[in-house]
Amino acid sequence: MAKISQESINRVKAVSLIDLVHALGLPTKQVGKQLFIPCPNPAHHESKFDTCCIEINKNIFNCFHCAEVRGNNAISLFSWYQFGQREGKFKESVLGIAQLMDIEVKDDRGIIMKSGNNTYKPTVKAISKELEPQPIQIVDAFYRAFLAMCPLRQNHLEELMENRRYSVEEINLHMFRSVPTLEEWINIYTRLYSFNYQFERIPGLSQVFQPDYFDSKFPKVLGEAGVFADANGKEHDGHWFYVLSASKGYFIPVFNENGFIIRLRVRKDSGDPKYVWFSSTHNIGVEKTITKARRNGVSSGAPITIEVPPDYLKTWETGVNVANVISTRTLLVLEGEHKAKLSAKTFNLLAVGLPGVGNFSQLLKLIQKWNIEKLIIAFDMDTLQRKNDLEESVKKQATLMDIVNRFAIEVAKLGVESVIWTWNLKDGKGLDDLTKNCKLPIEFNLRTKRWRAITLDSVHDL
């Protein structure tokens, strides 16, 4: 049987994910340069677009809950949506996309398998080369200086103290700060500029071009003179200024194992998803619209955060591995930065916050490195329990439980004892909600299949 020609495959692969999504008629929610869509895994049904993300300029997609749902071309996304699987339907997916986009397909003998006019051009071209972020030490120094100059608005202070139960001292230790307004940013920008901080390739920052005829709020001394050629080839004289990729929310610092602030998460004041990364882009190679062009920005990625109790955080110096700060015998793993920070304090343990249930691969190396003896998995209870018996809830629970099981299997290969903390969903969705209601979890040992009640003094016991 003749195969599809490589030329035809390349044409179909050139279809951008955003064009495919629109052609399929899928619901979308755009946040900056990210497009959120329902997860294409048929076993994972989400009512909100907060799990599966398309990085528009990178032309990649990834579900934060389903580790296997990811890819970098239209063929893999089409296969997931049409056939509910990543592999095994390559030919059908190529022909399906070709039908949607009116692309001609030939076999390897040159015979037309599907006619088309071949006029398709991507509306968004993927960036061929991403810029690399500054070294961690430079990013950490910038973020610490930047956060020290940011305000903390009353509504954010109240949310952190009343809803999250942080003390004022803990808020300062964790360096929570509000996202500055444009006017506040220009003032901070000016001060950081005078101290010679580097802005280039700091995640969350990128340069925008403002023509000289534009009535800019930025002092020209902060900008870099340049020329921008638009889609018609017309050149505009102007300046490049650094701007922030976030507004109306507060920053949550993300720490690595050596105590450096490596990225910032943003808790938005409104809208879904509630949490977004402080991330930026560099698209001047493909973007010809002045208002959309960005320069010298870099992606944040989705790193895990390493958290210790406040008393340890007070003395944790940058450059010192966390294993030299607190016992790594027991590790508590949760989803999200707030849960990790609050639970580390409550249980006096080393804690790790995953950016998504399925994003545990980077944690496995640390588990082995730190010689962990006991791993506690304390994901939100809607992972282990379902709210109702509707088909959507049943499938969602099955998918999440499959991820938890795969995580536990990989941990077991490292010779580490794994347990799951569980509780009644009515007492709180997350571990932080449970302890806020003055209750503690029940522990289930995955190896012995035994249950036991947890006390604050027995968390290390097996």
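Author: A nonpolar core is a set of buried Ala, Val, Leu, Ile, Met, Phe, Trp, Tyr and Cys residues joined through side-chain atoms within 4.5 Å. Buried denotes under 20% relative accessible area, exposed over 50%, and partly exposed the range in between (1.4 Å probe, protein chains only). The model is predicted, so local features need pLDDT of at least 70 and side-chain atom pairs count only at pLDDT 80 or more, while totals for chains, interfaces and linings use all residues. Residues are numbered from 1 along each chain as its sequence is written, and side-chain values use heavy atoms, with hydrogens and water left out.

Reader: Which element supplies the largest share of the largest nonpolar core?

Author: This core has 37 residues, and those touching the most other members are Phe 146, Trp 185, Leu 192, Leu 205, Phe 251 and Phe 278. Several elements each supply at least two residues, among them helix H5 (136-149), H8 and E9; helices (H or I, at least four residues) and strands (E, at least two) are DSSP runs, numbered from the N terminus. The largest share, 7 residues, comes from H5.

Reader: Is Tyr 197 buried, exposed or partly exposed?

Author: Tyr 197 is found in the loop between helix H8 (182-194) and strand E9 (205-211). Not counting residues up to four places away in sequence, Tyr 197 touches Ala 141, Phe 142, Ala 145 and Leu 192, where contact means heavy atoms within 4.5 Å. Because its relative accessible area is 30%, Tyr 197 is classed as partly exposed.

Reader: Which strands stand at the edges of the open sheet?

Author: The sheet has 7 strands in the order E15-E17-E16-E18-E19-E20-E21, with mixed pairing; two strands pair if DSSP finds at least two bridges between them. Each edge strand has a single partner strand, so one side is left without a neighbour in the sheet. The edge strands are E15 (305-307) and E21 (451-453).

Reader: At about what angle to E16 does helix H11 run?

Author: Strand E16 (residues 330-335) pairs with strand E17 (residues 350-354) in the parallel sense over 5 bridges. Helix H10 (residues 337-347) lies across E15, E16, E17 and strand E19 (417-422), at about 145° to E16. Axes are lines fitted to C-alpha atoms, for helices over the stretch in contact, and angles run from 0 to 180 degrees between N-to-C directions. Helix H11 (residues 361-369) lies across E15, E16, E17 and strand E18 (374-377), and its angle to E16 is about 170°.
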